[in-house]
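Subject: Structure handover

Hello,

Here is the structure for you to look over. My notes follow below it.

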Amino acid sequence: MPRYLVDKISRKAVLLCALASFFILVLIVVFIFRDGMAGFIENGIGAFLFGTDWSLKRGEYGVGVMILGSISVTLGTIIIAAPLSITCAIFLAEIAPPEVREVVRPAIDLLVGIPSVVYGLMGMVWLVPLIRDHFGGGGYSLLAAIVVLTIMVLPTIISLSEDSLRSVPRHYKESALALGATDWQAIWRVLLPAARPGIVSAIILGMGRVIGESMACYMVIGNAFAFPSSVLDPSRTLTSNIVGQVEEAAYGSSHMHALFACGIVLLVFIFIFNSVSFTMGRREG
Amino acid sequence: MNISPRVTQRIAFGVMWGAVAIVLLLLLFIIGYILWRGFSSLSFDFVFGPTTEGGLRAPLVGTVYIVALTLLIVVPLGVGTAVWLSEYAPIKGRFAPFIRYTLDGLAGIPSIIFGLFGAAFFVYMMIGEQCILAGALTLACLSLPFMVGAAEEAIRSVPKSQKEAALALGATRWQVTWRVVLPAALPGIITGAILCTGTAIAETAPLLATSGFSAFTPHSPLDGCRTLALHLFYLATEAPCTGGVTHEDLVDKAMGVGVILILVIVILNLLMRFLSGRYIARMRGGK
């Protein structure tokens, strides 16, 4: 084949590859909304969003409880994970000796790679009995989910906050040091405020990860359909609800439609988190 | 009471060392605990025995199938996208940033949504049944942004002078890409492929309603299968169905699967570090 022809064909081929990601995204939105909207319409939008009944027998589906469950898990996780990971990020960006960094970085990379079902299993066999014996309740609880998800989201927030700390121009800190500030004063009063938009954006992106995590959450949260009154109560999130039922629901049934509608609610949350995170991150530049 | 800045600094640094120590200890504890509890349940019969008798043969074969098919789809697609983004895309214009946004968008979508999408599109619309192919297609969609990211970074770090030298010798754009850029970017592309392998091994939510949960050893991409991670999930969460098997037995087995998964992930991570290390060395040394 003449090489100019090959050149022309390949140009088209790589363009098609690039377009694939766009088509996949469109297809995902179309197919989730097609079945999900059916779920909204069958139940009524208000009744679905705020309904507190999820009953296959009566064919009534409402996600009020799950929305609340998802929000509590996300907030609970971020309250623990954010301070811990920002502390680690400052450490890695500013004060870690190189040899310590060489150990910590790969370790954090490894945390990302461990399958979520392994975290879930760990939660089931170690954390759940621990909570049951020391704090009371059945063990399977909001608290268990929060602890497991905290560990899972740490690497995301650490890496992104570290990036934003590193992107603060060097001379900011150097000027502070030249004025006689201690290392810590320079970090606390100059570096952190300068990196704040990036760090906040990292935290919100982390919230998106938490609300979207499904398997580990399902394995430890108990998946009980009830408003939790304390962190020791079992609960149910949008994701754990889908995980628990997607295999048994028949495709095309109103049950499956309701699960897809859960997916829409989840996508809306993700969309809000990602847009906020994106605009925050942009202000930094 | 005023605390001097020096003391404040001491305290703050102490807290930071503590936080990092907590994270490291957590990692060590998780890995150590799984290895400690799971190693005892590993045996030749368990790992290679038929799954209908409690072994891991079906999930092992299933994992290999899923990973191979996923890579077969995602590597060409991802490298193609990366080539377009870094070599062909018009420098000015909104199209390339737009494709980047869609990739970022894809990367942000929760894996369970990919599972629902795969069930609706690949399983019910295109193939008609839950099978390995549907699972692999779903995983390919999910891991596409990671593949593109790794490949593009590798392609962009190929020195411009190398490309220009080839162009000056009369090579077409594609000849430059195929013979100069891609070979130089190969370690980065392999790193991306390893990243996708790790994703395909670790992810379970996208496979719940797409790959089927057959406990039989698959023979073709149109058979149902379960991966190791999915098998772990079923072992840990499903009530024992046959007499004499307790939930504890199943959890012990799940721990055994956890050991295998962790070992594989550790090996993949080491491989990636080795590759990127060599890659950096080669870029620095020019050879």
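For charges, Lys and Arg count as positive and Asp and Glu as negative, with His and the chain ends not counted. Each charge is placed at NZ of Lys, CZ of Arg, CG of Asp or CD of Glu. On that basis chain A has 19 positive and 19 negative charges, and their mean positions are 9 Å apart.

This is a predicted model: local features need pLDDT of at least 70, side-chain atom pairs count only at pLDDT 80 or more, and totals for chains, interfaces and linings use all residues. Residues are numbered from 1 along each chain as its sequence is written, chains are lettered from A and ligands numbered from 1 in the order in which they are written, and side-chain values use heavy atoms, with hydrogens and water left out.

Chain A overall

Chain A has 11 helices and two strands (DSSP runs, numbered from the N terminus: helices are H or I with at least four residues, strands are E with at least two). The C-alpha atoms fill a box of roughly 75 × 70 × 35 Å along the principal axes. Of the 285 residues in chain A, 54% are buried (under 20% relative accessible area; exposed is over 50%, partly exposed in between; 1.4 Å probe, protein chains only).

Contacts are heavy atoms within 4.5 Å. Take those in chain A between residues at least 6 apart in sequence: 70% join residues at least 24 apart.

A:Trp184 lies in helix H8 (residues 183-212). A:Trp184 is buried, at 13% relative accessible area. What does A:Trp184 contact, leaving aside its neighbours within four places in sequence? The partners are B:Thr8, B:Gln9, B:Ala12, B:Phe13 and B:Met16. A:Trp184 and A:Ala224 are 40 residues apart in sequence and 46 Å apart in space, C-alpha to C-alpha.

A:Asn223 sits in the loop between helix H9 (215-221) and helix H10 (238-245). A:Asn223 is also buried, at 15%. Beyond neighbours within four places in sequence, its contacts include A:Tyr218, A:Arg236 and A:Asn241.

Domains of chain B

Chain B is assigned domain 1 (1-39) and domain 2 (42-285); the bounds come from an automatic or database domain assignment. The domain centres, over C-alpha atoms, are 33 Å apart. Seven residues of domain 1 of chain B contact eight of domain 2 of chain B. In domain 1, B:Ile34, B:Arg37 and B:Phe39 lose the most area to domain 2, together 59% of what that side buries (buried area is the accessible area, 1.4 Å probe, that two parts lose on being put together, summed over both).

Best wishes
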